[in-house]
Amino acid sequence: MEDAPPPKKAETITPSEVQAVDPAGQAPLDDSITCLARTIYWEAKGADSEDMSAVASVVLNRLGHDGFPDTICGVVKQGVEHKACQFSWWCDGRSDQVEEPQRYDVAKEIARKALNQQLKDTTGGALYFHDRNVHPDWAKAYRKTAQTQHFLFYKPNQSLAR
């Protein structure tokens with residue numbers, strides 16, 4: 001499945017289809033499911049499914065939004081050319097091979113639901129997030145829209161929105 005917009009209702013991805021994609025977490029990042037699942041996994045593998053789902057929502061919320069690419073893999077890989085990745089796991093220099101297959105299965109199932117448009121966005125349309133244990137300067141420029149056990153979510157203030 002090449003990197004494409006989310007499927008229409010008639011083209012939904014089944015649980016068995018998504019689990020067959022990149023089963024060991026080693027495939028190249030060149031399709032929507034793998035890019036989204038690996039992002040969910042690396043950004044939130046130690047968190048619960050609510051946190052993982054919220055990370056998926058941020059990726060989808062960025063699609064087609066000003067300043068962001070219009071494909072899932074484009075969003076995930078954004079900034080790599082400047083070593084200023086939007087998703088830190090993509091530029092951290094460490095292996096991107098999955099280490100916990102069961103957690104990756106959960107991430108793939110959340111990615112499937114997200115791509116099938118079956119995931120409720122609990123972030124309030126957030127385009128950004130960070131771990132609760134860090135306090136990035138950029139967060140001051142945005143409006144907090146939601147929080148989960150592990151993350152805080154933001155979007156631009158209306159007056160700054162493009």
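Two strands pair if DSSP finds at least two bridges between them. By that rule, S1 and S3 pair in the antiparallel sense over four bridges. The model is predicted: local features need pLDDT of at least 70, side-chain atom pairs count only at pLDDT 80 or more, and totals for chains, interfaces and linings use all residues. Residues are numbered from 1 along each chain as its sequence is written, and side-chain values use heavy atoms, with hydrogens and water left out.

**Overall make-up**

- The chain holds five helices and three strands. Helices (H or I, at least four residues) and strands (E, at least two) are DSSP runs, numbered from the N terminus.
- The order of elements from the N terminus is α-α-α-α-α-β-β-β.
- The chain has 162 residues, and 43% of them count as buried. Buried means under 20% relative accessible area, exposed means over 50%, and partly exposed lies in between (1.4 Å probe, protein chains only).
- The accessible surface of the chain is about 8500 Å², with 50% belonging to carbon and sulfur atoms. These areas come from the Shrake-Rupley method with a 1.4 Å probe; for residues, only the protein chains shown count as cover.
- Take the contacts in the chain with a separation of 6 or more: 61% of them join residues 24 or more positions apart. A contact means heavy atoms within 4.5 Å.

**The sheet**

- The three strands form an open sheet in the order S1-S3-S2, with antiparallel pairing.
- Strand S1 (128-131) and strand S2 (142-147) are the edge strands, and each pairs on one side only.
- From one strand to the next, the twist averages 30 degrees.
- Strand S3 (residues 151-156) runs antiparallel to S2, and five bridges join the two.
- A hairpin of three residues links S2 to S3.
- Helix H3 (residues 49-62) packs on the sheet and touches S1 and S3. The direction of H3 makes about 20 degrees with that of S3. Axes are lines fitted to C-alpha atoms, for helices over the stretch in contact, and angles run from 0 to 180 degrees between N-to-C directions.

**Strand S3 and its partners**

- Five of the six residues of S3 are buried, so S3 is largely enclosed by the rest of the structure.
- On S3, Tyr-154 is the bridge partner of Tyr-128.
- Lys-155 in S3 stands opposite Arg-143.
- Leu-152 in S3 is the bridge partner of Gln-147.

**Leu-152**

- Leu-152 is buried, at a relative accessible area of 13%.
- Beyond residues up to four places away in sequence, Leu-152 touches Tyr-128, Phe-129, His-130, Arg-132, Lys-144, Ala-146 and Gln-147.
- Val-134 is 18 residues from Leu-152 in sequence, and their C-alpha atoms are 9.9 Å apart.

**Helix H2**

- Helix H2 (residues 32-44) has 13 residues and reaches 18 Å from its first C-alpha to its last. That is close to the 18 Å expected at 1.5 Å a residue. The expected span is 1.5 Å times one less than the number of residues.
- H2 is mostly covered, with 13 of its 13 residues buried.
- Asp-31 caps the N-terminal end of H2. A side-chain oxygen of Asp-31 lies 3.1 Å from the backbone nitrogen of Ile-33.

Notes: Polar contact = N/O pair within 3.5 Å; in protein donor to acceptor, adjacent residues only side chain to side chain.
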